[in-house]
Amino acid sequence: MDSIKIDMSELSLTEQFYLKCISEGAKVRESLDVMTQDPMKYNTELLMKIIEDNKETEYGQKYDFANIKSIEDYQNKVPITDYDNYVDYIRRMTENGEKNLLTSYEIVHYAKSSGTMGNPKRIPASSLNKEINFKYNYAYLFNLFAEKVGIDWIKYPFLNLTETSISTLPSGDTYGSISGKIMGEFGDQLPDFVTSPIEALKPKPKTDIRYIHARFALINPDIPFTVTSFVSLFLETLRYIKRNWELLVKDIENGTIDESIKMPKEVRESLLGKIEPMPERAEELRQIFKEGFDEPTVPKIWPKMSLLIGCGSGGFSNYIKKIKEFTGPDFNFAFIGLTASEGIFSLFVELNNPDSMLIPDSMFYEFLPLVNYGDYSKVVTLDQLEEGKEYEVITTNLSGFYRYRMKDVIRCIGMHNHTPIIEFLYRLDQCLSLAGEKINEEKLRKAAYKTENEFGFDLIDFSVYADSTSSPMKYVYLMEIEDLPDDVTKENLQERLNENLCGTDPLLFNKMEKGIIGKTELRFLQPETYLLYKELKVARGCSPAQVKPPRILREEEDISFFNVLLYDDLEQDGGLDMEEIILKSDSENLDSIMLKIEEYLEDKNIAMKSKLQLELIIEEIFVNICNYSYEKEGEIKIQYCLLEDPLRIIVNFIDNGMEFNPLNKAVPDLTLNADERDIGGLGLTIVRKNADRLDYKYENNQNILTIEKIF
Amino acid sequence: MDMEIQKDGKKLDIKIVGRLDSKTAPELKEMLNDELKDIEELTFDLSELIYISSAGLRVILSAQKTMNKQGSMKVTNVQDIVMEVFKSTGFVDILTIE
């Protein structure tokens with residue numbers, strides 16, 4: 001950039017903000033250049049400052065900060081912690097407004113942490129943390145962007161997909177996402193910065209946010225970049241536009257909001273006040289969309305848009321590929337590195353490079369080599385990281401967490417100057433193991449996406465769990481997919497998925513060869529299952545931008561959630577395809593049913609014992625209906641079909657006789673002699689003993705008894 | 001899927017018959033979009049609902065969210081097979097089931 005004298009007073013606030021970022025950013029980059037040459041020096045200085053500043057806090061006194069003079073002292077005196085160690089302090093801070101407990105720094109915000117089940121955590125953020133956030137997430141970034149594309153963009157608003165909902169805690173502090181907090185500080189100026197109106201940034205319940213984001217982005221051809229929490233949200237927005245462009249264009253043309261778009265009345269009214277018919281832009285857009293989506297559409301809709309800022313490491317690489325189908329190859333990504341509620345852990349080295357480096361003045365780093373897992377006497381500092389090795393991360397941050405286990409695993413993959421470049425691998429509490437192998441999210445993802453590419457379907461999302469109750473134990477993949485080619489069967493996919501998963505982990509392959517672990521099973525999920533998952537989380541108080549798809553399932557409740565939403569023939573055909581015979585209710589007819597079933601099960605490789613048990617069940621029920629259901633004679637309809645996984649038969653007995661639920665009968669009293677016993681009751685005992693499922697319902701004047709027998 | 005709808009002032013009773021899946025859920029959704037305005041008491045009779053999928057659950061969830069704001073909603077006569085889905089998905093904690 002050339003240094004040009006600019007009269008700041010003639011600039012809009014937006015332009016002033018960016019210019020400040022860009023000029024501060026130059027200083028940040030300079031200081032990073034210096035710090036990264038000798039990161040240990042600056043990281044040690046940071047720790048000593050934190051210790052000194054906090055020696056009078058309750059926590060500092062408890063652990064004798066006053067007498068800590070070295071890293072070694074610190075490691076000897078202060079324990080390794082996780083969130084539970086801070087819960088009581090944070091409760092006192094947020095509910096009573098107590099100060100000087102964990103930190104002497106001013107806490108300006110509480111971050112809602114994402115990713116875990118149950119109640120979101122409240123992670124304190126101090127004013128120092130916020131400064132660091134400004135330096136690295138804004139100043140540094142916009143300086144690099146300006147270097148790449150100049151500064152013509154600074155007067156245009158950008159597309160912001162992050163949530164700015166902030167709530168207030170009893171102590172008066174704010175609570176929500178960190179990015180929301182910073183956005184919130186733009187206050188009344190926010191509309192100058194971003195295209196989306198406040199109705200989408202601080203959404204009221206029941207508001208279709210995607211529509212508002214898309215609608216207000218489309219009318220603005222000058223958008224220079226997009227900011228999102230997870231890059232997948234940007235993809236979701238583009239897909240929304242692709243699906244709904246006709247409606248969007250029509251609304252833009254007429255200055256309307258289609259009736260089908262959900263939003264509270266007052267939101268609709270306030271939005272309608274902000275829009276007017278834009279027939280020219282609508283026509284422009286219509287021409288673009290009519291050309292289809294095979295060619296990248298983003299450069300046509302927003303010619304200036306050249307950057308996406310968002311979390312992009314690990315799990316998001318697949319999304320990047322899909323985003324580029326919309327943007328074309330010449331699009332920049334700023335992967336914001338490993339940013340957690342606890343602070344900024346790492347910073348991207350340059351645009352379009354997913355590598356991110358440690359930041360010597362952001363937090364004090366300790367690392368436990370994964371080979372020493374659990375033995376915290378083996379922690380090392382950043383100068384001792386070895387390339388290629390994996391580590392658990394422990395941080396001391398600027399907001400009152402000391403030697404805190406972030407539960408993230410990283411790998412050191414190189415150096416920038418003398419500062420480690422790291423790659424986020426997986427969450428420590430997100431690793432599966434059945435028999436000693438370690439299957440983390442990265443491996444599961446690789447296997448899933450490889451299979452997706454090989455067969456050319458669209459993987460909406462997936463989850464995996466370790467089924468240790470089956471014999472042999474196995475991994476179960478649950479996938480929601482679209483556009484499965486006609487000639488591909490589930491068995492094809494399952495076979496290949498298993499091979500691909502084995503390919504990621506030799507130990508798994510080995511255990512499978514030995515039969516210790518069974519082949520990986522694939523189950524399809526119903527359409528919209530992940531949308532439902534997300535909406536349920538939101539209904540329970542999670543912020544929409546923070547709900548990540550649960551790739552690894554551990555909790556029983558999550559596993560049964562997905563397993564009850566399986567896609568099967570029922571969903572596809574609107575009912576099972578069943579064989580059917582209709583007979584007079586005469587026990588003489590028993591033989592003809594048996595013959596039919598016998599034929600049906602031929603060649604199915606079913607054990608004789610199971611067949612006999614099935615015959616017994618059918619006999620008892622059929623005879624029971626013949627004897628009791630009709631006063632004279634009527635018809636009995638019998639439907640049956642075989643299902644796979646596990647191999648089982650379902651049989652329906654349907655009659656038009658009087659309403660009679662045999663399952664309500666009490667278990668017979670076997671002490672009574674034969675004459676006194678209820679005959680139907682005893683037969684039912686046999687049925688109960690041999691069937692795996694029994695259901696009765698009375699529907700449309702019909703008794704419907706369903707039995708299921710697993711072979 | 002069939003629906004039997006009874007509207008009485010601010011009361012709306014909906015009986016869903018058959019299967020509520022990704023094919024039929026949009027129909028219910030559309031109906032709710034049209035009818036829910038000004039309703040304060042919504043009752044779903046599920047005595048003849050024999051199957052519900054993710055798409056169906058989304059519509060029910062969205063109806064519950066609407067009714068949280070403008071009144072109350074209850075779900076009645078749930079069959080075992082559908083109840084199993086409500087239990088496993090945590091809907092039992094969200095819905096009022098009678």
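These legends walk through a few close-up views of a predicted model. Residues count from 1 along each chain as its sequence is written, while chains are lettered from A and ligands numbered from 1 in the order in which they are written. Because the model is predicted, local features need pLDDT of at least 70 and side-chain atom pairs count only at pLDDT 80 or more, but totals for chains, interfaces and linings use all residues.

**View 1. How confident is the predictor about chain A?** Mean pLDDT (the predictor's confidence in each residue, from 0 to 100) is 85 for chain A, with 88% of its residues at 70 or more. Residues 569-575 of chain A stay under 50, and the model gives them 8 contacts beyond four places in sequence; a contact means C-beta atoms, placed from the backbone, within 7 Å. Residues 674-679 of chain A also stay under 50, with 5 such contacts.

**View 2. Helices α1 and α6 of chain A meet here**. Helices are DSSP runs of H or I with at least four residues, numbered from the N terminus. The axes of α1 (residues 13-35) and α6 (residues 127-149), both in chain A, come within 7 Å and cross at roughly 95°. Axes are lines fitted to C-alpha atoms over the stretch in contact, and angles run from 0 to 180 degrees between N-to-C directions. So α1(A) and α6(A) are roughly perpendicular, a label for 65 to 115 degrees. Look for Tyr18(A) and Ile22(A) among the α1(A) residues, and Tyr138(A) and Phe142(A) among those of α6(A). The contact has 10 nonpolar, 2 polar and 3 charged residues. Here Ala, Val, Leu, Ile, Met, Phe, Trp, Tyr, Cys and Pro are nonpolar, Asp, Glu, Lys and Arg charged, and the others, Gly among them, polar.

**View 3. Now for α11 and α13 of chain A**. Helix α11(A) (residues 231-254) packs on α13(A) (residues 279-290) at about 160°, with axes 8 Å apart. That makes the pair roughly antiparallel, the word for angles over 145 degrees. Residues meeting here include Trp245(A) and Val249(A) from α11(A), and Leu285(A) and Phe289(A) from α13(A). By class, you get 7 nonpolar, no polar and 3 charged residues.

**View 4. Chain A touches chain B**. Each chain gives 20 residues to the contact. On the chain A side, α19 (529-539), α20 (556-563) and α21 (569-573) each give two or more. The largest share, 6 residues, comes from α19(A).

Technical notes. Contact = placed C-beta atoms within 7 Å. Parallel < 35°, antiparallel > 145°, perpendicular 65-115°, else oblique.
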